[in-house]
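User: I'm new to reading structures, and I'd like to know where the labels come from. Can we go through a few of them?

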Amino acid sequence: MIARSDQKGLGFAVVAHLLLFAALTIGIAKRVPPVQPPQEVMDVQLVDAVGLRSAAPNPATEAPQEMQAPDQAPPKDAPPPAPSPTPPQPKPVEAKPQPTPPSPVPALKPKPQPPAKALTDILKDVRATAKSEQAGSDARSKADRASSEKVGALLKGVIGASAGKGETARAPITGAAMNGLAAAIKRQVQPCYELGGLSGTPAMQIVTTLRLRYNKDGSVAGNPQLVEQTGISPSNRAYAQQIAEVARRAVLRCAPVHLPSELYEGGWDDLNFRFTPGQMQ
Amino acid sequence: MKTWHLLASITLALLPGAATAQSAAPPGPGPAAGAGPAPGQRLTVDITGGISNKMPIAIPVMPTPNALQTPAGATDALGNQVSEIITNDLKNSGLFAPLSKDQLRPVSFPQVSAPDYGAWLPTGAQALVQGFVQANGDGTLTVGCYLYDVFAKSEMVRQGFVVKPSEWRRGAHKCADTVYSRLTGEGPYFDSQVIYVSETGPKKNRTKRLAIMDQDGANHRFITNGQSLVLTPRFAPNRQTVVFMSFENDQPRVYVYDVGSGRKRLVVDSRSTTFAPRFSPDGHYILFSMIVNGNCDVYRVSASGGTPTRLTTSPGIDTGGSYSPDGSKIVFESDRSGTQQLYVMNADGSGQRRISFGGGRYATPVWSPRGDLIAYTHLGGGFSVGVMGTDGSGAKDLTNGWQDEGPTWAPNGRVLMFFRTAKGSGKADLWSVDLTGVNERAIPTPLDGSDPAWGPLLP
Amino acid sequence: MNKTATLLATAALIGLAGCAKKPPKQLPPAPSQEVTTTTTTTPPPANENNGPTPGSRADFVAQAGSDTVHFATDSSDIDSEATGILTKQAAWLAKFPNVRVTIEGHCDERGTREYNLALGDRRANAAKNFLVNAGVNAARISVISYGKERPVATGSDEESWAQNRRAVSVVPQ
């Protein structure tokens, strides 16, 4: 028979655990509705602090001021182009830059319901998620670079490599499912990969990797971002921007995509595309 | 008992940590082609093999803020013509598929800088060119030019061009060049001219006249009257002067001709036969071939006249010199080895070495304005136009007519013009082809044509 | 005098043979084929009253047999047939020392334009050199190349091309 004091202690311990569980569950419940993306600045800091790989976005390929061709000089005997007085002002010299694209995936995303599992499993996932989100929200509320770095370190230690990529741990999808998903996405996007005038030029050596996020309805979320280009040499540097735009155009044209919703999380919600212009031999 | 409870509590408290450790993704390499990414890592979809195609592009009629009369016509009519010139330039480059007229919709002046992307998306156009034509108070015209990415829904480039009414077509070509360069990464070439030999008459006795036209065939005019046989005209870099060979007075010699004044003079004061002239890229020198004592060699003379310098000395036929764009080297043809082949030398004549080693003979070399390639006529069974590296590597024939001959480069080094002679009739016509071998097309001229030379891009 | 001329001709032949780059790829057409050029007129039958004026172009063609010699592809070698014709041309030119002669060099259409101008010049010069070696004063002879610009035969076949590879000795009417 358990001693009375022990009973009290055990009961207290059980209740405390149940309270903790309840508190966490309610806390999660609060977060199930999508959280507004946090301030750009804050996210960038957080990502920088924890990223093992730089996830700082290159400006989307449409930002013209980066690789703009030199301005044409007007015909030699003509005065410089003058703006028109009527509504659209045709400023002829500089291209107007587009608004900068949205920030990259915030370090902490809203976490939809994980699939039904055994209680202990739920607890495990929830606690893992809760800890990272709590830590993240702490960092946000502090709005302080020093403390965000500390939190970042904390996240690193607690969550491990997945947070090292600046993201929460995802619900794992099997390798086989991922392969099928990649094949399905390729089938839908490949037909839009059109090279135009770049076909047959040294631009064919440039491999372009884009990062893209899809909404659940299959539409493209925000703007694709240029992750990297390889194979650039003096003979094809002049085509780098154009071949990146060809890749971007492919994903924008072949949208919305039609893919299984159960593979959205950790699958096609946020992914990379690697475009190789030439046929693989 | 207490100990057990304590242990249980500690274990429970540690569960999250343990659980997290179990669910943490182990760091590892990115997803291999055959395996999905490790949990927590991003999927990478590999797309290989792009489609070679022409980019669908919409070029609606350009509106005008005010329809006014100008020496070039009414501005609204000009807007229509400007969009047609741009459409033809882009279509004839072989890299674009402009929407047909029935797929286009009118664009209002305010929409020029605020495009209705939604209206263009269903057409499949990937790019949209909008603009306007406006009469300025001082008698000039402004051609406004805007390029949009339809699917990214963003502006790519905008530029305005102020032109004299007599040169209004240049505003259209400049806009087409802006669009072309921005979308392909290539240099511009639409705002340029071509000089060539216009031919007519029976095969035994062709009448040949020099003619100049815009690269799209417009503004065509003859500059000689056909009384003397004329051959191989070439522009000076400033396009104000032309060199060509004429048989007038039964003496085949090279003349330097001022297009504006119509005056001409001999390139060298000599009775010897001279031919195959070409300007240096800086306009200071004229290369030409001269036959002295039965021996044909490449010479160089100052463009303002004087004593020529002999650059080749072999007893073979050395002719057809062409400078590299930096002026440091010259490519020419010589049969010193027994057959016509290509040779490169320094601009002072030193360091002559053969660069063509494919089967057959090679002739009429022309150095690309980009400096990276040399175009040639390849003589085998027939004549083909092709390109090779400046060291002779990678020689590739691009055309396969019966006699395709005499290539000349567009200012951007991407397009070649040449002339094609028909078997039997001997009729010659101008043709062009893209460097990638696509878009072999006939250039319309009033009569037959041969010996084209593409002038530089207009400033 | 004849012996000297023959000796000189032989010496010239040997000299030319030494310079030959390669043997002719094909023989020019047989002499019996009618060859007309834009610069000749059909000579009227020789007749004491109606014969061609001595020293005229018609007379030249009648006496020399032909004003044209032909060449193998890519070649400017004077072959045996050309030798015979040029020898007779030289003899006629010796009879009329005041007559100037222009030798036109021509090519067939299967060459590029600029190279053919040079090759035509080579052919004309080859004929000129033969005449000079046969005793004709070089100052009487001028040379002009027309490259492939003035064919006499308009077909795109071996026979036409063979006719077009030629050097024509033109004397005033």
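Predicted model: local features only at pLDDT ≥ 70, side-chain atom pairs only at ≥ 80, totals over all residues.

User: Okay, why is B:Ser432 called buried?

Analyst: Its relative accessible area is 4%. Buried means under 20%, so B:Ser432 gets that label.

User: Where does B:Ser432 lie, and which residues does it touch?

Analyst: B:Ser432 lies in strand β30 of chain B, which covers residues 428-434. Leaving aside residues up to four places away in sequence, B:Ser432 touches B:Val415, B:Leu416, B:Met417, B:Phe418, B:Asn439, B:Glu440, B:Arg441 and B:Ile443.

User: What about B:Arg239: buried or exposed?

Analyst: B:Arg239 has a relative accessibility of 17%. The cut-off for buried is under 20%, so B:Arg239 counts as buried. You'll find B:Arg239 in the loop between β12 (230-235) and β13 (241-246) of chain B. B:Arg239 also has a positive phi of about 60 degrees, although it isn't a glycine.

User: And what makes B:Asn249 count as it does, at 61% relative accessibility?

Analyst: Exposed means over 50%, so with 61% B:Asn249 counts as exposed. B:Asn249 lies in the loop between β13 and β14 (253-258) of chain B. B:Asn249 isn't a glycine either, and has a positive phi of about 60 degrees.

User: What kind of peptide bond joins A:Ala255 and A:Pro256?

Analyst: That one is a cis peptide bond, with omega at about 0 degrees. A:Pro256 lies in the loop between α7 (240-253) and α8 (264-268) of chain A.

How values were computed: Residues numbered from 1 in each chain as written. Chains lettered and ligands numbered in written order. Heavy atoms only, no water. Helix = DSSP H or I, 4+ residues; strand = E, 2+ residues; numbered from the N terminus. Buried < 20%, exposed > 50% of the residue type's maximum accessible area, 1.4 Å probe, protein only. Contact = heavy atoms within 4.5 Å.
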